[in-house]
Amino acid sequence: MTDWLWLLVALPLLGALVNLFFGRRLGEPASGWLALIVVVASFLIGAAASVGFFTGDELPETVYLFEWIPILGVDAAILWDPLSALLTLIVTGVGSLIHLFSIGYMHGDERFPRYFSFLNLFIASMLILVLAANYAVMFVGWELVGLSSYLLISFWFTKPAAAAAGKKAFIVNRIGDWGFLIALMIIFATFGTFDFETIFAEAPLMFGVGSGTITAITLLLFVGAAGKSAQIPLYVWLPDAMEGPTPVSALIHAATMVTAGVFMIARSAVLYELAPASGVVVAVVGTATALLAAVIAVAQTDIKRVLAYSTISQLGYMVLAVGAGAYSAGMFHLTTHAIFKALLFLGAGSVIHALAGEQNMFKMGGLRKPMPITWITMAAGWLAIVGIVPFAGFWSKDEILFAVFNRGDGWLILWLLGLVVALLTAFYMTRLFVLTFVGKPRWDDGVEPHESPPSMTIPLIVLAVLALGLGAWNTPFRLSFEHFLEPSFEGVPHPEGASTSEFVIFAGLVLVIAIIGLAAAWWRYTRDPLPAEDGSFWRNALAGFHVDDFYGRTIVAPGKAIATWSSEVFDRKVIDGVAEGTARGIRDAGSGTSALQTGQVRWYAAGMAIAGILVIVFFLFIGGAF
Amino acid sequence: MSDIVTVDWYLILAAALFAIGVAGVLIRRNALVMFMSIELMLNSVNLTFVAVSKELGLIEGQVAALFVMVVAAAEVTVGLAIIVAIFRLRASANVDELAELKG
Amino acid sequence: MPVLALLVILPLVGALAVALIPARRSELIYPVAIIATIPQLVVAGYILVEFELGTPALQFGEEHVLIESLGIGWIAAIDGISLFMVAITALLFPLAVAASRSVTERVKTFMVLLLVLQAGVFGVFIALDLLFFFAFFEIVLVPMYLLIRLWGSENRAYAALKFVLFTAFGSAFLLAAIIALAVLTGDQFGLISSFDFRLMVATELTATAQLWLFLGFAIAFAIKVPIFPFHTWLPDAHTEAPTAGSVILAGVLLKMGTYGLIRFNLTLFPDATVDLAFWMALFGVIGIVYGGAVAIVQPDIKRLVAYSSVSHMGFAVLGIFALTSQGLQGSIFLSYSHALTTGMLFLLVGMIYDRTHTRAIADYGGLASIMPLFAGAFLFAAFASAGLPGLSGFIGEFTVLVGSYLTLPVLAIIAGFGVILAAIYLLWAYERVFTGPVGNDKLETLKDIGVREVLILVPLVVLILVTGVYPKPILERIEPSVEAILMRIEAVTDYDVPEFGTAGEQVDVEYGPIEPGEKHDDSSEGSQGEQHGDEGEEG
Amino acid sequence: MAEAVTFGIFAIVALAGAVTMLVAKNPVYSAVGLLSAMFALAVMYILLDAHLVAMVQVIIYAGAVMTLFLFVIMLIGVDNPNAYGPRPVSQSIVTWVVAGVFFAAIVLAGSGAWVTGSAAFGTADLNGTIENVADEMFGTWTIVFLSTVMLLTIAAVGTIALAYFTGADDDEAAA
């Protein structure tokens, strides 16, 4: 079966190419269906190939495709293990649903085929990332998802904001990639290869726990992860990325691409285990990000920006988990988050679609009636992210918090902050849900909300069912998800599981906190009239605490000033000044001596004659004639 | 070669011719005659070459003389062409009237 | 068959053919000029196909002694270092000629100059007699000067003069160094002088001699590459030159610098190379960051691409003086790839300039909705230039960075910033030119690129893509020659090349007499599962 | 002895020709003087066993070059020497001093043994036949020979250029 794995990448790539070159000829629905079919096919291949992992009788395998950069020993190769299988299924599964949704959502767009081409390209890139058998190929996928993200965010490029957002996303990601790149250099200098297998086998033999080299590698890898997974200080691109079409936000900026950083840390678990200091840094950054993003999310008015900050916050959770060494908990939250956040985004997309592009939640309200399916499915997503039993988010979030608590000591602070984030999450998500679906309609005149077409509602329903039921995959009573991933985390110590009594206490605590947040928001936003949110906290939080401005003033503006100075002054005045000064000096010397040239040939001749005499005398002199 | 006429004689003759050439260049105002003086100087140098070649038993001296002749021939054609061109412009071959080389 | 001599002769024949077209049949000039570039492409293709893998030997050798006592003769050969320089030269000239449709004044002279230029460039890359090398190196200046001077834009006189003065300044040192080296070589082999590269390699030089000769060569090549702070001629020359001139300048002429550094500096002066490697690499890295930063704020799109060249060529220099197999291979690959990507960018800028006659970024906006095909091509080239994996630019930069970290870690880390800067200047430029609402009414009427222009771009797109996904055929041809250079440096000096990956396999180091085509069976196909890095200790 | 006589006669002829060239008012006489000096020198060459050089001297100098001179003299007309006006005295003084010092310097230099490095004259067996000269010229001195070929070509081109571009075109040629 693994012989066919290359098709996983090849099929979406083919779809992308066909749509790119022949999309216009295929026309509107056909190109979308083609894109959908290749992704579904990839999903089926992935599912068929991963059956063995579910039954537990297949071992991880590396599939060599071809030699890529011989001098660096890099092969294009696929590492097929439960971790990559899981991500493959998420990417292609959620991807298929979002392709389906997009067929409805992008209806009537004149660049419809182009959109699906980019979407397929993204799927292919993401699969390269998750299937990579070495860091170099992973970096390829890493950059290519950045490319497809860029293309899709700025898909409506005539809007300056969309174009700028795409650029910003790519550049901020590149800053993270710089860290990744340097990590790659150190890895090669240390191990002489990029292969996961070799590195993970040799690292524990070569280095002890706490080694400087491994700490450097892991920290630099985390810089890359921070860029891709939108962690402090590189998270600023993700809210802006909401300028892209909503299904894109759902797929790339919620479910899949942004989790790549978490995936990469989980993939490098062996290295992180050797560098506890890095783990602490990762966990602290993750917690801080989760908290900051949750606070900002509370004040947002744009439905997609709430979800964007919520995504950053949830990513912070995942990063906290992998930083704390709870890799499978982190991966499980990644999985459930992929489902419910995709659901929430698609639901938001459905709403925006229905309201003809309106994204301000204060202009929604009461959509429960005209959009029943969206309402119900959205409710499932809402309860899942808030963490209500038995929705998926409850199980995964609980597991992370429990793992952090179990580390004890200073980790308890992180655990407490995690609880605060849970409270805030419950608050802002309820705010979103209530403002959108409950209460009186506040939409503009002339807007007629309507339920979306089946191509959009079917994915919502599927995702809602998963958001409800997926938690059962890994409950403290039945840790089948952890067992499933076990082959990928060989040699990585397991965090202890919870006993039933512990679980009841902790889960109960989390649940109570979530319900408090939920109730508070429900009470606040079902009032009539709605509370005015214009205090200084609300204004600053709405503006994301002006972090963009801060970066603009401290990094972008001075950088541009230096570059301008280099270009205008250093190049033109200093370097060219030296060059032109030399030229001018020579010219002046020339015109000075030219005064001696009277133009009278006779004087030249006399000069030559006298010089000739002098030469002869000179030779006579050194010849000893005098 | 007899022992009466030594290389010194040839060299003195060459020196005399050369000095006359120098004088010609410096004193004559007719461009053509100045040119002839230059030719005379080149010839005197040739004589030196050939004489010394004989003296040292090295054929190179004669080769050098031949090269000098070639260069002289080239120089004469260009020089005369310049003189003709100047004459066409000024209707005079008086060098003192020319100051085109003024820097 | 003397295929290499053909490379020099064919363009001249072509130039003659173009020159003989009578004035009343001027419509023939353009097609004939294009046809005149095809045979070179065929010859280069033949060389690529027949090139023997796995040996550092100089291939397709030709040797005719002209002046024995002075050691001057026509010596030409190709190895992995020059192979792709020749190939890229053969490829870019047809495209440059084809892209010169918009030249309307003195077309014939223009085409003749381009063809003469090609002959000169081929000569540079194949000549192994340093006198011939120098002659070709200088001959190239003349047509290039005229191309800029006669067909350039507003400020062409300044740019052309600056180009010639800078380059000639370096050439003076080069000539002095070549003659000095030739005399020293002659001394050791009982001749007055010898310009034979192979004898020069065998010459033993004192450390002082190496140092001065190295500097003499390096200044000329540093100006050509260009290495900071000798780069200021480049933005002016690029900006003012006609499209074909910019393409050739960026695609081929700059490579003469990196080629020279590898072929001559590294091979002939190993001691000096090892001593000065850090400083050369340092200036390369300054160039990377400086060029990238300055490119961001350029208001003129051609200047932007020009400064991006400074940045990219900095990577090439860093790779060369990292003195690792990875760095050198990456550097040569990068030179090749930079020719494709920057060549494509200049072609694209030329296409839009032909339509609007402005290069100011501020004059554009929203072009993507008017010229989608053009915008797509530009974005492709921009990403290729920014080193997106899967495209050829990445292979070079990545290999250079990884390779230079082995010996110059700090510099490699700083060089990594160049990757960020590349994304900033290219995407920001793309944003301002192509996205947003349409900038002004004049842009509304522009036509998208047509069949002829697409045909010009297709070969570049295909090569960028194919060699980015599967660079092995190129890298494995470069490798033996690079290994040979490094082995020689190791043998002569006390420098040790760090060995990782598949690098450092034993290859034949001798610069023996050049014989075409003996088959070696012990090719350097790497065994995959070789144990790596078990002696590694953290550094 | 016969050689000494020959040398003496032709040395006088050469000097007389040279002086004629120097003092004659009419350039035609100057040319004739130079011509005789050249013939005299050709004889000297024969005395020195440089047969080829002597032959070339007659053909090139006495033949071609002098013909060219005469041709140009006739072409631009024989100037009236009085038209130039009186010559400044200072010029004459400078001239004769320079020429005299030159003569002295050369003689002095020639008399020093370090110049020739050998006291004996004519000891070597040297014969400037065409074959000997050609061996040397096309063996050791090929590149110099080729350079002179190029020089002649350039001279020819230059002459043609001078003949073509005069008057109005001067400015462009200068730029």
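Trainee: How many Å should the 26 residues of helix α2 of chain B span?

Mentor: Helices here are DSSP runs of H or I with at least four residues, numbered from the N terminus, and the expected span is 1.5 Å times one less than the number of residues. For α2 of chain B, residues 31-56, this gives 38 Å, and the end C-alpha atoms are 38 Å apart, which agrees. Please keep in mind that this is a predicted model, in which local features need pLDDT of at least 70, side-chain atom pairs count only at pLDDT 80 or more, and totals for chains, interfaces and linings use all residues. Residues are numbered from 1 along each chain as its sequence is written, while chains are lettered from A and ligands numbered from 1 in the order in which they are written.

Trainee: How many of the 26 residues of α2(B) are buried?

Mentor: A residue is buried if 20 or more other C-beta atoms, placed from the backbone, lie within 10 Å of its own, exposed if 12 or fewer do, and partly exposed in between. In α2(B) 23 of the 26 residues are buried, so the helix is largely enclosed by the rest of the structure, and in chain B as a whole buried residues make up 62% of the 103 residues.

Trainee: What follows α2(B)?

Mentor: The helix is followed by Gly57(B), whose phi is positive, near 70°.

Trainee: Is Ala356(A), in chain A, buried or exposed?

Mentor: Ala356(A) is exposed, with 12 other C-beta atoms within 10 Å; this residue has a positive phi of about 55° although it is not a glycine, and it is found in the loop between α15 (327-354) and α16 (372-386) of chain A.

Key: Helices (H or I, at least four residues) and strands (E, at least two) are DSSP runs, numbered from the N terminus.
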